[in-house]
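Here is a brief report on one chain fold. It covers a helix, a nonpolar core and a strand.

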Amino acid sequence: MAPGITEISSTFEFDNIVKSLGPNQLLVIDFHAVWCGPCHAIAPVYGQLAAKYAHVKFVKIDVDKQAQLAQRFQVRAMPTFKFLKGPGGREVAELKGASPPQLNALVAQHAGPVPAPTASKPTASSSTGSSAPATAPADATSSLLHNITSKGLTCLNESASHPLSSIVGPNAGPKGRSYLESDVDPELLIAIPFLEPVKLKAISIFGGVCPSQAPKTIKLFINHLSLDFNDAETLDPAQELELSEEDIRGNKVELRFVRFQNVRSLHILVKDNQENEETTRIDSIDVFGTSESAGSG
């Protein structure tokens, strides 16, 4: 479970969360099911929103485990997102289906301003005229999908019916129904070029719809004009990762930041998948960091 999200385990727990809401605080509910592909596909987006809007409450409700709550809110399709406000749980919006743009827009519309921090009493050290910042600066890293150029965006051994372009780039299809799949064996070699140099901090690969086909061993290479499978076997990667069952649910996997400075292109070699299936499937890819121009500002 992504940080900032509560998986509801009982009606009592849910009701207490609603009662604890501030006068105009937003609560977002994700009604989902384990068997629901679109629910898994949009889960990383939901996690990113929870990280971005710390003053908003985010919960998930499994409709099969919490049938009473699903019935209370008349949930008929998954995923369904409900937006409640205040300790009375006033419903202000609803979204049916896995639409990241609509979900982002509704959260932004109803989240409200970040509450002002509570003023702290001055301490003996603060009276001397010098004081430390009250809080550490927020993590400035964000998704770099907008910084990817379609020119040079390729994948070796991709299936003709499920190419990389279906999940990354301007022609990406709807999440939950579009995915990348390998062709003749589990290996994939993905090339991602950036519009400008970037600093990479984390990568997210979601394969939760078919976990057995999700990537397991991956190698990351940077700043190669071109790379084939033979090159990838002989060159030293910037980092090698073994993705766990938790990682393939779209969690951010931290990179060795010092090795991923001034990155103009990223190659991802997928060696195998979680359960040695014949082909590998990836439902979404995201990379996180900052542009070099933003970092230097």
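A nonpolar core is a set of buried Ala, Val, Leu, Ile, Met, Phe, Trp, Tyr and Cys residues joined through side-chain atoms within 4.5 Å. Buried means under 20% relative accessible area, exposed over 50%, and partly exposed in between (1.4 Å probe, protein chains only). The model is predicted: local features need pLDDT of at least 70, side-chain atom pairs count only at pLDDT 80 or more, and totals for chains, interfaces and linings use all residues. Residues are numbered from 1 along each chain as its sequence is written, and side-chain values use heavy atoms, with hydrogens and water left out.

**The core.** The largest nonpolar core has 34 residues, and Phe194, Leu200 and Leu266 touch the most other members. Elements giving two or more residues to this core are β9 (188–206), β10 (217–222), β13 (263–270) and β15 (284–291). Strands such as these (E, at least two residues) and helices (H or I, at least four) are DSSP runs, numbered from the N terminus. β9 gives the largest share, 8 residues. Contact means heavy atoms within 4.5 Å. Leaving out residues up to four places away in sequence, Leu200 touches Leu144, Phe194, Leu255, Phe257, Phe260, Val263, Leu266, Val287, Phe288 and Gly289.

**Strand β10.** How many of the 6 residues of β10 are buried? The count is 6 of 6. Thr217, Lys219 and Phe221 lie on one side, and Ile218, Leu220 and Ile222 on the other. Two strands pair if DSSP finds at least two bridges between them.

| Partner of β10 | Sense | Bridges |
|---|---|---|
| β11 (residues 239–242) | antiparallel | 4 bridges |
| β13 | antiparallel | 5 bridges |

Lys219 has Glu240 of β11 as its bridge partner. Leu220 stands opposite Ile268 in β13.

**Helix α4.** Which residues of α4 (residues 100–110) are buried? They are Pro100, Leu103, Leu106, Val107 and His110. These residues cover an arc of only 135 degrees around the axis, which puts them on the same side of α4. The arc is that of the directions from the helix axis to the C-beta atoms. An α-helix has 3.6 residues a turn, so residues three or four places apart point the same way. Pro101 and Gln109 are exposed, on the face turned away from the buried side of α4. The cover over the buried residues of α4 includes β2 (26–32), α2 (37–52), β3 (57–62), β4 (80–85) and β5 (90–96). Gly112 follows α4 and has a positive phi, near 75 degrees.
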